[in-house]
Amino acid sequence: MKNILGITLGIMTALGGFVDLGQIVFTTQAGALFGYQLMWAIALGTAAIIIYMEMCGRVAVVAKEPVFAVVHTRLGKKLGLAALIASNLLNLITCAAEIGGIAILLHLLTGWPEKLLLVATTLALGMMVLLFRFQWIERTLGLSGLMMIVFAVSAVTLHPDWGQLAHGLIPKVSEPDTKHTLLYWYFAVGIFSAMLMEYEVHFYSSGAIEEDWTPKDLAENFMVAALGSLLGSLLTVGLLALGVILFLPRAIFPQTLSTAVFSGAFPFAQKALIAAIAGCLACLAGATVETALSGGYNVCQFFNLKWGKNVPPKSAPVFTGTWVAMFTLAMVIALTGVRPLQLVNISIVFGMVVMPFTYYPVLRTASDKNVMGKHVNRKFDDVIGGVVLVFVTIAALAAIPLMVLTHSGRP
Amino acid sequence: MFKAIAGFALGFILALCACSRQKTLTTDEIRSQLLSAKSLAAETEMFLDYVRENRATKHYAQGHIEYLTEEIERSREELQESSPAQGEEDAVRKLRTQFDALQAELHSIRGKLDDEAALAAAKEHLASIRQALDEANSSI
(Lines give C-alpha, C1' and ligand atoms only; values in the text may rest on other atoms or scores of the structure.)
Protein backbone atom coordinates (compact mmCIF):
# COMPACT_ATOMS: atom_id res chain seq x y z
CA MET A 1 0.00 0.00 0.00
CA LYS A 2 2.86 2.35 0.89
CA ASN A 3 4.37 1.71 -2.54
CA ILE A 4 1.09 2.39 -4.32
CA LEU A 5 0.55 5.63 -2.43
CA GLY A 6 4.21 6.52 -3.00
CA ILE A 7 3.50 6.72 -6.72
CA THR A 8 1.27 9.73 -6.04
CA LEU A 9 4.42 11.88 -5.75
CA GLY A 10 5.27 10.95 -9.33
CA ILE A 11 1.67 11.40 -10.47
CA MET A 12 1.28 14.80 -8.86
CA THR A 13 4.70 15.92 -10.09
CA ALA A 14 3.93 14.86 -13.65
CA LEU A 15 0.29 15.99 -13.77
CA GLY A 16 0.96 19.30 -12.05
CA GLY A 17 4.29 19.56 -13.79
CA PHE A 18 3.74 18.93 -17.42
CA VAL A 19 -0.02 18.60 -17.79
CA ASP A 20 -0.47 22.17 -16.60
CA LEU A 21 -2.15 25.19 -18.16
CA GLY A 22 0.61 25.67 -20.71
CA GLN A 23 0.69 22.07 -21.83
CA ILE A 24 -3.11 21.73 -22.03
CA VAL A 25 -3.45 24.66 -24.44
CA PHE A 26 -0.06 24.37 -26.16
CA THR A 27 -0.45 20.69 -27.08
CA THR A 28 -4.01 21.12 -28.32
CA GLN A 29 -2.79 24.01 -30.49
CA ALA A 30 0.11 21.90 -31.79
CA GLY A 31 -2.32 19.15 -32.82
CA ALA A 32 -4.63 21.68 -34.47
CA LEU A 33 -1.74 23.09 -36.51
CA PHE A 34 0.53 20.14 -37.29
CA GLY A 35 -1.51 17.00 -36.81
CA TYR A 36 0.52 14.23 -35.20
CA GLN A 37 3.83 15.58 -36.52
CA LEU A 38 5.01 16.65 -33.06
CA MET A 39 4.48 13.29 -31.36
CA TRP A 40 8.26 12.90 -31.33
CA ALA A 41 8.59 16.01 -29.12
CA ILE A 42 6.27 14.39 -26.56
CA ALA A 43 8.24 11.12 -26.73
CA LEU A 44 11.57 12.94 -26.37
CA GLY A 45 10.26 15.06 -23.49
CA THR A 46 8.92 11.98 -21.71
CA ALA A 47 12.23 10.11 -21.98
CA ALA A 48 14.12 13.21 -20.85
CA ILE A 49 11.95 13.90 -17.80
CA ILE A 50 12.03 10.25 -16.68
CA ILE A 51 15.85 10.24 -16.89
CA TYR A 52 16.29 13.51 -15.02
CA MET A 53 13.49 13.00 -12.51
CA GLU A 54 15.01 9.66 -11.53
CA MET A 55 18.47 11.25 -11.34
CA CYS A 56 17.22 14.12 -9.15
CA GLY A 57 15.44 11.67 -6.83
CA ARG A 58 18.55 9.49 -6.60
CA VAL A 59 20.85 12.44 -5.86
CA ALA A 60 18.42 13.73 -3.24
CA VAL A 61 18.21 10.35 -1.52
CA VAL A 62 21.88 9.31 -1.67
CA ALA A 63 23.70 12.63 -1.32
CA LYS A 64 20.88 14.26 0.69
CA GLU A 65 21.18 17.12 -1.76
CA PRO A 66 18.01 18.38 -3.43
CA VAL A 67 18.27 20.31 -6.70
CA PHE A 68 19.19 23.78 -5.45
CA ALA A 69 21.81 22.49 -3.04
CA VAL A 70 23.37 20.79 -6.08
CA VAL A 71 23.08 23.96 -8.16
CA HIS A 72 24.91 25.91 -5.43
CA THR A 73 27.69 23.34 -5.16
CA ARG A 74 28.25 22.85 -8.89
CA LEU A 75 27.65 26.34 -10.32
CA GLY A 76 29.19 28.33 -7.49
CA LYS A 77 27.61 31.13 -5.52
CA LYS A 78 27.32 33.80 -8.24
CA LEU A 79 26.00 31.77 -11.16
CA GLY A 80 23.96 29.65 -8.76
CA LEU A 81 22.32 32.76 -7.32
CA ALA A 82 21.48 33.98 -10.82
CA ALA A 83 19.90 30.57 -11.54
CA LEU A 84 17.97 30.80 -8.26
CA ILE A 85 16.59 34.26 -9.04
CA ALA A 86 15.63 33.27 -12.60
CA SER A 87 14.05 29.99 -11.49
CA ASN A 88 12.00 31.59 -8.74
CA LEU A 89 10.88 34.38 -11.05
CA LEU A 90 9.66 31.72 -13.46
CA ASN A 91 8.02 29.79 -10.62
CA LEU A 92 6.21 32.98 -9.64
CA ILE A 93 4.99 33.68 -13.18
CA THR A 94 3.88 30.08 -13.62
CA CYS A 95 2.13 30.15 -10.25
CA ALA A 96 0.25 33.33 -11.27
CA ALA A 97 -0.75 31.77 -14.60
CA GLU A 98 -2.01 28.60 -12.93
CA ILE A 99 -4.04 30.54 -10.34
CA GLY A 100 -5.55 32.57 -13.20
CA GLY A 101 -6.34 29.31 -15.00
CA ILE A 102 -8.02 27.87 -11.90
CA ALA A 103 -10.20 30.98 -11.62
CA ILE A 104 -11.24 30.53 -15.27
CA LEU A 105 -12.14 26.87 -14.69
CA LEU A 106 -14.10 27.66 -11.53
CA HIS A 107 -15.93 30.42 -13.38
CA LEU A 108 -16.88 27.87 -16.07
CA LEU A 109 -18.07 25.52 -13.34
CA THR A 110 -20.01 27.95 -11.14
CA GLY A 111 -20.53 31.18 -13.08
CA TRP A 112 -19.20 33.17 -10.10
CA PRO A 113 -17.01 36.27 -10.68
CA GLU A 114 -13.47 35.37 -11.73
CA LYS A 115 -11.64 37.80 -9.42
CA LEU A 116 -13.52 36.56 -6.37
CA LEU A 117 -12.64 32.99 -7.35
CA LEU A 118 -9.03 33.99 -7.80
CA VAL A 119 -8.75 35.25 -4.23
CA ALA A 120 -10.72 32.29 -2.86
CA THR A 121 -8.50 29.83 -4.76
CA THR A 122 -5.32 31.37 -3.40
CA LEU A 123 -6.65 31.27 0.14
CA ALA A 124 -7.90 27.69 -0.20
CA LEU A 125 -4.62 26.40 -1.66
CA GLY A 126 -2.61 28.38 0.90
CA MET A 127 -4.63 26.83 3.72
CA MET A 128 -4.23 23.39 2.20
CA VAL A 129 -0.45 23.75 2.12
CA LEU A 130 -0.43 25.12 5.66
CA LEU A 131 -2.66 22.48 7.21
CA PHE A 132 -2.04 19.28 5.22
CA ARG A 133 1.01 17.10 5.57
CA PHE A 134 3.10 16.78 2.41
CA GLN A 135 1.89 13.24 1.69
CA TRP A 136 -1.76 14.31 1.85
CA ILE A 137 -1.20 17.24 -0.49
CA GLU A 138 0.35 14.96 -3.09
CA ARG A 139 -2.26 12.24 -2.65
CA THR A 140 -5.21 14.63 -2.85
CA LEU A 141 -3.98 16.52 -5.92
CA GLY A 142 -2.28 13.55 -7.60
CA LEU A 143 -5.28 11.25 -7.35
CA SER A 144 -7.89 13.87 -8.27
CA GLY A 145 -5.75 14.77 -11.30
CA LEU A 146 -6.50 11.28 -12.57
CA MET A 147 -9.86 12.65 -13.72
CA MET A 148 -7.86 14.03 -16.65
CA ILE A 149 -8.11 10.51 -18.05
CA VAL A 150 -11.38 11.68 -19.57
CA PHE A 151 -9.23 13.50 -22.18
CA ALA A 152 -7.52 10.26 -23.21
CA VAL A 153 -10.85 8.40 -23.25
CA SER A 154 -12.37 11.13 -25.45
CA ALA A 155 -9.45 10.93 -27.83
CA VAL A 156 -9.75 7.13 -28.14
CA THR A 157 -13.53 7.36 -28.57
CA LEU A 158 -13.04 9.75 -31.49
CA HIS A 159 -10.90 7.13 -33.28
CA PRO A 160 -7.48 8.67 -33.84
CA ASP A 161 -5.49 7.51 -36.85
CA TRP A 162 -3.04 5.24 -35.03
CA GLY A 163 -0.81 4.88 -38.09
CA GLN A 164 -0.39 8.65 -38.42
CA LEU A 165 0.13 8.90 -34.69
CA ALA A 166 2.96 6.37 -34.86
CA HIS A 167 4.44 8.16 -37.89
CA GLY A 168 4.62 11.32 -35.81
CA LEU A 169 7.25 9.67 -33.63
CA ILE A 170 9.75 10.23 -36.44
CA PRO A 171 10.75 13.90 -36.64
CA LYS A 172 10.37 15.36 -40.09
CA VAL A 173 9.92 18.92 -41.27
CA SER A 174 7.73 19.18 -44.32
CA GLU A 175 6.20 22.60 -43.85
CA PRO A 176 5.23 24.64 -46.92
CA ASP A 177 7.19 27.79 -46.01
CA THR A 178 9.62 29.38 -43.56
CA LYS A 179 6.82 30.74 -41.39
CA HIS A 180 5.33 27.30 -40.83
CA THR A 181 8.76 25.76 -40.30
CA LEU A 182 9.50 28.30 -37.57
CA LEU A 183 6.09 27.68 -36.01
CA TYR A 184 6.75 23.93 -36.10
CA TRP A 185 10.00 24.37 -34.19
CA TYR A 186 8.45 26.86 -31.77
CA PHE A 187 5.80 24.30 -30.83
CA ALA A 188 8.39 21.48 -30.68
CA VAL A 189 10.52 23.52 -28.26
CA GLY A 190 7.42 24.57 -26.30
CA ILE A 191 6.17 21.00 -25.82
CA PHE A 192 9.66 19.82 -24.85
CA SER A 193 10.07 22.72 -22.42
CA ALA A 194 6.64 22.28 -20.83
CA MET A 195 7.45 18.63 -20.14
CA LEU A 196 10.80 19.44 -18.53
CA MET A 197 9.80 22.53 -16.53
CA GLU A 198 12.35 22.93 -13.73
CA TYR A 199 9.83 23.16 -10.93
CA GLU A 200 8.96 19.49 -11.51
CA VAL A 201 12.42 18.36 -10.45
CA HIS A 202 12.69 20.99 -7.69
CA PHE A 203 9.47 19.60 -6.25
CA TYR A 204 10.23 15.93 -6.91
CA SER A 205 13.69 15.93 -5.32
CA SER A 206 12.44 17.90 -2.32
CA GLY A 207 9.46 15.54 -2.08
CA ALA A 208 11.78 12.52 -1.93
CA ILE A 209 13.44 14.10 1.13
CA GLU A 210 10.07 15.14 2.62
CA GLU A 211 9.00 11.51 2.36
CA ASP A 212 12.20 10.28 4.04
CA TRP A 213 13.24 8.07 1.14
CA THR A 214 16.41 6.05 1.73
CA PRO A 215 18.70 4.23 -0.75
CA LYS A 216 16.42 1.21 -0.25
CA ASP A 217 13.69 3.19 -2.03
CA LEU A 218 15.74 3.78 -5.19
CA ALA A 219 13.92 1.10 -7.19
CA GLU A 220 10.68 2.79 -6.20
CA ASN A 221 12.19 6.14 -7.24
CA PHE A 222 12.59 4.90 -10.81
CA MET A 223 9.10 3.40 -10.84
CA VAL A 224 7.53 6.59 -9.45
CA ALA A 225 9.37 8.81 -11.96
CA ALA A 226 8.60 6.50 -14.88
CA LEU A 227 4.95 5.74 -14.12
CA GLY A 228 4.06 9.33 -13.23
CA SER A 229 5.73 10.67 -16.35
CA LEU A 230 4.24 8.01 -18.62
CA LEU A 231 0.78 8.81 -17.32
CA GLY A 232 1.36 12.53 -17.90
CA SER A 233 2.69 11.71 -21.35
CA LEU A 234 -0.35 9.59 -22.20
CA LEU A 235 -2.63 12.49 -21.32
CA THR A 236 -0.47 14.84 -23.38
CA VAL A 237 -0.86 12.51 -26.38
CA GLY A 238 -4.62 12.57 -25.72
CA LEU A 239 -4.60 16.38 -25.86
CA LEU A 240 -2.62 16.33 -29.11
CA ALA A 241 -5.01 13.80 -30.64
CA LEU A 242 -8.03 15.91 -29.65
CA GLY A 243 -6.44 18.91 -31.34
CA VAL A 244 -5.90 16.82 -34.48
CA ILE A 245 -9.35 15.22 -34.58
CA LEU A 246 -11.55 18.13 -33.50
CA PHE A 247 -9.77 21.30 -34.53
CA LEU A 248 -7.46 20.59 -37.48
CA PRO A 249 -10.23 19.65 -39.96
CA ARG A 250 -12.24 22.75 -39.02
CA ALA A 251 -9.23 25.11 -39.25
CA ILE A 252 -9.68 26.05 -35.59
CA PHE A 253 -6.68 27.31 -33.63
CA PRO A 254 -7.77 26.99 -29.97
CA GLN A 255 -6.92 30.22 -28.19
CA THR A 256 -8.61 29.79 -24.82
CA LEU A 257 -8.40 27.32 -21.95
CA SER A 258 -12.15 26.77 -22.16
CA THR A 259 -11.79 25.52 -25.74
CA ALA A 260 -9.19 22.94 -24.76
CA VAL A 261 -11.40 21.84 -21.86
CA PHE A 262 -14.50 21.12 -23.92
CA SER A 263 -12.45 19.08 -26.36
CA GLY A 264 -11.78 16.71 -23.46
CA ALA A 265 -15.46 15.93 -23.10
CA PHE A 266 -16.55 16.39 -26.69
CA PRO A 267 -17.99 12.95 -27.45
CA PHE A 268 -19.82 12.76 -24.13
CA ALA A 269 -22.49 14.52 -22.10
CA GLN A 270 -22.41 17.11 -19.31
CA LYS A 271 -20.95 14.82 -16.63
CA ALA A 272 -17.84 14.28 -18.74
CA LEU A 273 -17.48 18.04 -19.16
CA ILE A 274 -17.58 18.44 -15.38
CA ALA A 275 -15.00 15.65 -15.01
CA ALA A 276 -12.77 17.36 -17.60
CA ILE A 277 -13.00 20.67 -15.73
CA ALA A 278 -12.35 18.93 -12.40
CA GLY A 279 -9.34 17.06 -13.83
CA CYS A 280 -7.88 20.29 -15.21
CA LEU A 281 -8.55 21.98 -11.87
CA ALA A 282 -6.59 19.31 -10.01
CA CYS A 283 -3.67 19.57 -12.44
CA LEU A 284 -3.57 23.36 -12.25
CA ALA A 285 -3.89 23.25 -8.46
CA GLY A 286 -1.01 20.76 -8.40
CA ALA A 287 1.09 23.09 -10.53
CA THR A 288 0.22 26.06 -8.29
CA VAL A 289 1.26 24.21 -5.14
CA GLU A 290 4.40 22.81 -6.80
CA THR A 291 5.58 26.23 -8.00
CA ALA A 292 4.83 27.98 -4.69
CA LEU A 293 6.53 25.30 -2.60
CA SER A 294 9.44 25.09 -5.06
CA GLY A 295 10.02 28.80 -4.43
CA GLY A 296 10.51 28.05 -0.73
CA TYR A 297 12.51 24.86 -1.31
CA ASN A 298 14.90 26.58 -3.73
CA VAL A 299 15.73 29.53 -1.48
CA CYS A 300 16.29 27.41 1.62
CA GLN A 301 18.28 24.72 -0.16
CA PHE A 302 20.51 27.30 -1.82
CA PHE A 303 21.27 29.13 1.44
CA ASN A 304 21.28 25.92 3.49
CA LEU A 305 18.39 26.97 5.71
CA LYS A 306 15.89 24.72 7.43
CA TRP A 307 13.03 23.70 5.17
CA GLY A 308 10.25 21.16 4.93
CA LYS A 309 6.51 21.00 4.68
CA ASN A 310 6.40 18.52 7.52
CA VAL A 311 8.28 20.68 10.03
CA PRO A 312 6.29 23.26 12.04
CA PRO A 313 6.01 26.51 10.00
CA LYS A 314 7.68 28.52 12.78
CA SER A 315 10.76 26.28 12.73
CA ALA A 316 11.34 27.05 9.04
CA PRO A 317 10.40 30.75 8.82
CA VAL A 318 12.19 31.51 5.53
CA PHE A 319 10.64 28.48 3.86
CA THR A 320 7.16 29.32 5.12
CA GLY A 321 7.55 33.03 4.35
CA THR A 322 8.73 32.31 0.80
CA TRP A 323 5.88 30.01 -0.21
CA VAL A 324 3.35 32.36 1.38
CA ALA A 325 4.95 35.26 -0.55
CA MET A 326 4.85 33.20 -3.76
CA PHE A 327 1.11 32.62 -3.36
CA THR A 328 0.44 36.25 -2.46
CA LEU A 329 2.50 37.77 -5.29
CA ALA A 330 1.08 35.30 -7.80
CA MET A 331 -2.42 36.29 -6.76
CA VAL A 332 -1.58 40.00 -7.12
CA ILE A 333 -0.13 39.39 -10.61
CA ALA A 334 -3.21 37.40 -11.65
CA LEU A 335 -5.50 40.12 -10.24
CA THR A 336 -3.94 42.71 -12.56
CA GLY A 337 -5.88 41.04 -15.35
CA VAL A 338 -2.90 39.78 -17.34
CA ARG A 339 -3.93 36.76 -19.42
CA PRO A 340 -2.82 33.45 -17.87
CA LEU A 341 -1.94 32.06 -21.30
CA GLN A 342 0.36 34.99 -22.01
CA LEU A 343 2.14 34.40 -18.68
CA VAL A 344 2.49 30.71 -19.27
CA ASN A 345 3.89 31.29 -22.76
CA ILE A 346 6.61 33.45 -21.25
CA SER A 347 7.34 30.93 -18.51
CA ILE A 348 7.63 28.04 -21.00
CA VAL A 349 10.08 29.92 -23.22
CA PHE A 350 12.18 31.42 -20.43
CA GLY A 351 11.99 28.14 -18.52
CA MET A 352 13.74 26.57 -21.49
CA VAL A 353 16.46 29.23 -21.37
CA VAL A 354 17.22 28.56 -17.69
CA MET A 355 16.88 24.78 -17.98
CA PRO A 356 20.55 23.87 -18.66
CA PHE A 357 21.50 25.60 -15.38
CA THR A 358 19.31 23.13 -13.51
CA TYR A 359 19.97 19.92 -15.38
CA TYR A 360 23.73 20.27 -15.91
CA PRO A 361 24.56 20.37 -12.14
CA VAL A 362 22.26 17.41 -11.55
CA LEU A 363 24.02 15.33 -14.22
CA ARG A 364 27.44 16.30 -12.85
CA THR A 365 26.48 15.29 -9.32
CA ALA A 366 24.83 12.03 -10.36
CA SER A 367 28.06 11.13 -12.23
CA ASP A 368 30.32 11.93 -9.29
CA LYS A 369 31.45 8.70 -7.62
CA ASN A 370 32.76 10.58 -4.58
CA VAL A 371 29.28 11.86 -3.83
CA MET A 372 27.10 9.02 -5.09
CA GLY A 373 29.23 5.99 -4.18
CA LYS A 374 27.77 2.77 -5.59
CA HIS A 375 24.67 4.67 -6.77
CA VAL A 376 26.68 6.73 -9.28
CA ASN A 377 25.39 6.98 -12.87
CA ARG A 378 26.21 4.05 -15.12
CA LYS A 379 27.99 4.84 -18.38
CA PHE A 380 24.64 4.45 -20.15
CA ASP A 381 22.98 7.03 -17.83
CA ASP A 382 25.80 9.49 -18.49
CA VAL A 383 25.53 9.11 -22.26
CA ILE A 384 21.73 9.43 -22.33
CA GLY A 385 21.80 12.27 -19.78
CA GLY A 386 24.47 14.04 -21.86
CA VAL A 387 22.48 13.65 -25.09
CA VAL A 388 19.37 15.04 -23.41
CA LEU A 389 21.42 17.94 -22.06
CA VAL A 390 22.62 18.72 -25.60
CA PHE A 391 18.98 18.81 -26.78
CA VAL A 392 18.06 21.01 -23.81
CA THR A 393 20.89 23.42 -24.60
CA ILE A 394 19.99 23.64 -28.31
CA ALA A 395 16.34 24.25 -27.40
CA ALA A 396 17.41 26.84 -24.81
CA LEU A 397 19.39 28.75 -27.44
CA ALA A 398 16.55 28.57 -29.97
CA ALA A 399 13.66 29.40 -27.60
CA ILE A 400 13.76 33.22 -27.56
CA PRO A 401 14.53 33.73 -31.27
CA LEU A 402 11.65 31.37 -32.14
CA MET A 403 9.33 33.23 -29.77
CA VAL A 404 10.18 36.57 -31.39
CA LEU A 405 10.05 35.28 -34.98
CA THR A 406 6.69 33.54 -34.57
CA HIS A 407 5.05 36.27 -32.44
CA SER A 408 4.69 33.69 -29.62
CA GLY A 409 3.41 30.96 -31.89
CA ARG A 410 0.78 32.90 -33.79
CA PRO A 411 -0.15 31.07 -37.01
CA MET B 1 26.08 37.62 -11.77
CA PHE B 2 24.46 40.99 -12.31
CA LYS B 3 25.28 40.73 -16.01
CA ALA B 4 23.50 37.38 -16.13
CA ILE B 5 20.43 38.77 -14.36
CA ALA B 6 20.45 41.89 -16.54
CA GLY B 7 20.69 39.72 -19.66
CA PHE B 8 17.77 37.60 -18.50
CA ALA B 9 15.70 40.70 -17.69
CA LEU B 10 16.56 42.23 -21.07
CA GLY B 11 15.45 39.05 -22.82
CA PHE B 12 12.24 39.14 -20.81
CA ILE B 13 11.50 42.71 -21.91
CA LEU B 14 12.34 41.87 -25.53
CA ALA B 15 9.96 38.94 -25.37
CA LEU B 16 7.20 41.14 -24.01
CA CYS B 17 7.86 43.60 -26.85
CA ALA B 18 7.67 40.73 -29.32
CA CYS B 19 4.30 39.77 -27.88
CA SER B 20 2.91 43.21 -28.48
CA ARG B 21 1.52 44.02 -31.90
CA GLN B 22 3.24 46.28 -34.36
CA LYS B 23 1.58 49.46 -35.51
CA THR B 24 1.82 48.72 -39.23
CA LEU B 25 0.24 45.46 -40.29
CA THR B 26 2.18 43.50 -42.88
CA THR B 27 0.45 41.18 -45.35
CA ASP B 28 1.54 38.23 -43.26
CA GLU B 29 0.04 39.74 -40.11
CA ILE B 30 -3.22 40.54 -41.88
CA ARG B 31 -3.39 36.93 -43.05
CA SER B 32 -2.71 35.81 -39.47
CA GLN B 33 -5.57 38.01 -38.19
CA LEU B 34 -7.86 36.62 -40.89
CA LEU B 35 -7.02 33.07 -39.87
CA SER B 36 -7.65 33.95 -36.25
CA ALA B 37 -11.06 35.47 -37.04
CA LYS B 38 -11.98 32.47 -39.18
CA SER B 39 -10.89 30.12 -36.42
CA LEU B 40 -12.99 31.95 -33.83
CA ALA B 41 -16.04 31.88 -36.12
CA ALA B 42 -15.58 28.15 -36.82
CA GLU B 43 -15.08 27.42 -33.15
CA THR B 44 -18.23 29.30 -32.19
CA GLU B 45 -20.19 27.34 -34.81
CA MET B 46 -18.85 24.07 -33.44
CA PHE B 47 -19.63 25.14 -29.89
CA LEU B 48 -23.18 26.16 -30.74
CA ASP B 49 -23.80 22.61 -32.02
CA TYR B 50 -22.41 21.30 -28.74
CA VAL B 51 -24.79 23.55 -26.80
CA ARG B 52 -27.76 22.62 -28.99
CA GLU B 53 -27.12 18.96 -28.24
CA ASN B 54 -27.38 19.85 -24.55
CA ARG B 55 -23.86 18.62 -23.81
CA ALA B 56 -22.63 21.83 -22.13
CA THR B 57 -23.67 22.94 -18.67
CA LYS B 58 -25.37 26.32 -18.44
CA HIS B 59 -22.44 28.02 -16.67
CA TYR B 60 -19.91 26.51 -19.04
CA ALA B 61 -21.83 27.62 -22.13
CA GLN B 62 -22.17 31.16 -20.79
CA GLY B 63 -18.54 31.30 -19.65
CA HIS B 64 -17.07 29.93 -22.86
CA ILE B 65 -19.02 32.41 -24.98
CA GLU B 66 -17.67 35.18 -22.70
CA TYR B 67 -14.08 34.01 -23.28
CA LEU B 68 -14.60 33.76 -27.03
CA THR B 69 -16.07 37.26 -27.03
CA GLU B 70 -13.07 38.57 -25.07
CA GLU B 71 -10.74 36.97 -27.60
CA ILE B 72 -12.59 38.58 -30.49
CA GLU B 73 -12.58 41.97 -28.75
CA ARG B 74 -8.85 41.72 -28.14
CA SER B 75 -8.15 40.94 -31.80
CA ARG B 76 -10.51 43.70 -32.88
CA GLU B 77 -8.74 46.24 -30.67
CA GLU B 78 -5.35 45.16 -31.99
CA LEU B 79 -6.63 45.65 -35.50
CA GLN B 80 -8.04 49.07 -34.73
CA GLU B 81 -4.77 50.23 -33.18
CA SER B 82 -2.81 49.22 -36.29
CA SER B 83 -2.66 50.64 -39.78
CA PRO B 84 -2.43 48.46 -42.89
CA ALA B 85 0.59 48.30 -45.15
CA GLN B 86 0.19 50.06 -48.48
CA GLY B 87 -2.11 48.19 -50.83
CA GLU B 88 -3.76 46.18 -48.02
CA GLU B 89 -6.31 48.78 -46.94
CA ASP B 90 -9.22 46.96 -48.55
CA ALA B 91 -8.39 43.62 -46.92
CA VAL B 92 -8.09 45.26 -43.50
CA ARG B 93 -11.37 47.11 -43.99
CA LYS B 94 -13.09 43.79 -44.80
CA LEU B 95 -11.43 42.15 -41.83
CA ARG B 96 -12.61 44.90 -39.47
CA THR B 97 -16.15 44.57 -40.80
CA GLN B 98 -16.13 40.82 -40.17
CA PHE B 99 -14.67 41.22 -36.68
CA ASP B 100 -17.47 43.68 -35.90
CA ALA B 101 -20.04 41.22 -37.23
CA LEU B 102 -18.48 38.40 -35.22
CA GLN B 103 -18.52 40.45 -32.05
CA ALA B 104 -22.14 41.50 -32.60
CA GLU B 105 -23.16 37.89 -33.18
CA LEU B 106 -21.55 36.68 -29.99
CA HIS B 107 -23.06 39.53 -27.98
CA SER B 108 -26.49 38.72 -29.33
CA ILE B 109 -26.38 35.00 -28.48
CA ARG B 110 -24.97 35.43 -24.97
CA GLY B 111 -28.42 35.70 -23.44
CA LYS B 112 -30.09 33.23 -25.82
CA LEU B 113 -28.15 30.05 -25.28
CA ASP B 114 -31.31 28.09 -24.55
CA ASP B 115 -33.16 29.46 -27.56
CA GLU B 116 -32.90 26.81 -30.31
CA ALA B 117 -34.08 29.12 -33.11
CA ALA B 118 -31.64 31.88 -32.13
CA LEU B 119 -28.74 29.40 -32.04
CA ALA B 120 -29.66 28.03 -35.48
CA ALA B 121 -29.82 31.55 -36.91
CA ALA B 122 -26.51 32.49 -35.27
CA LYS B 123 -24.87 29.44 -36.83
CA GLU B 124 -25.98 30.56 -40.26
CA HIS B 125 -24.66 34.08 -39.68
CA LEU B 126 -21.33 32.67 -38.48
CA ALA B 127 -21.03 30.51 -41.59
CA SER B 128 -21.52 33.57 -43.79
CA ILE B 129 -18.92 35.52 -41.77
CA ARG B 130 -16.49 32.66 -42.28
CA GLN B 131 -17.19 32.68 -46.00
CA ALA B 132 -16.58 36.43 -46.18
CA LEU B 133 -13.27 35.95 -44.36
CA ASP B 134 -12.30 33.28 -46.87
CA GLU B 135 -12.98 35.69 -49.71
CA ALA B 136 -10.96 38.42 -47.99
CA ASN B 137 -8.10 35.96 -47.53
CA SER B 138 -8.03 35.02 -51.19
CA SER B 139 -7.99 38.70 -52.18
CA ILE B 140 -4.69 39.38 -50.36
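The model under discussion is a predicted one. A:Cys280 is also buried, its relative accessible area being 0%. With a relative accessible area of 2%, A:Cys56 is buried.

Attention may now pass to the place where the two chains meet. Here 49 residues of chain A are in contact with 38 residues of chain B. Between them, chain A and chain B bury about 3800 Å², and 63% of this area is on carbon and sulfur atoms. The interface also has polar links: 17 residue pairs are in polar contact across it, counting pairs in which both residues have pLDDT 80 or more.

Which helices of chain A each supply at least two residues of the side that touches chain B? They are helix H4 (67-110), helix H11 (218-247), helix H12 (257-263), helix H13 (270-302), helix H15 (340-354) and helix H18 (379-405). H4(A) gives the most to this side of chain A, with 13 residues. By residue class, the side of chain A that touches chain B divides into 32 nonpolar, 11 polar and six charged residues.

The next topic is charge. Side chains of opposite charge can pair when their charged atoms come close. The structure holds 15 salt bridges over all chains, and two salt bridges are found across the interface of chain A and chain B. A:Arg410 forms a salt bridge with B:Glu78, and the closest N and O atoms of this pair are 3.2 Å apart. The pair crosses between chains: A:Arg410 belongs to the segment after H18 of chain A, while B:Glu78 belongs to helix H3 (residues 58-81) of chain B. B:Glu78 has 18% relative accessibility and so counts as buried, the limit for that class being under 20%.

Helix H3 of chain B also takes part in a pairing inside its own chain. B:Arg76 forms a salt bridge with B:Asp100, the closest N and O atoms being 2.4 Å apart. This pair links distant parts of the chain, for B:Asp100 is in helix H4 (residues 89-109) of chain B and B:Arg76 is in helix H3 of chain B, 24 residues apart. Is B:Asp100 buried or partly exposed? Its relative accessible area is 33%, which means that B:Asp100 is partly exposed.

Helix H4 of chain B holds a further pair. The side chains of B:Arg93 and B:Asp90 meet in a salt bridge, with 2.5 Å from N to O. Both residues, B:Arg93 and B:Asp90, lie in this helix, three residues apart, which is about one turn of the helix. B:Arg93 counts as partly exposed at 49% relative accessibility, and B:Asp90 counts as partly exposed at 37%. Elsewhere in the list of charged residues, B:Asp49, B:Arg52, B:Glu116 and B:Lys123 are joined into one network by salt bridges that share partners.

Definitions and conventions
Residues numbered from 1 in each chain as written. Chains lettered and ligands numbered in written order. Predicted model: local features only at pLDDT ≥ 70, side-chain atom pairs only at ≥ 80, totals over all residues. Heavy atoms only, no water. Contact = heavy atoms within 4.5 Å. Buried area = accessible area lost by both parts, 1.4 Å probe. Salt bridge = Lys/Arg side-chain N within 4 Å of Asp/Glu carboxyl O. Polar contact = N/O pair within 3.5 Å; in protein donor to acceptor, adjacent residues only side chain to side chain. Helix = DSSP H or I, 4+ residues; strand = E, 2+ residues; numbered from the N terminus. Nonpolar A, V, L, I, M, F, W, Y, C, P; charged D, E, K, R; others polar. Buried < 20%, exposed > 50% of the residue type's maximum accessible area, 1.4 Å probe, protein only.
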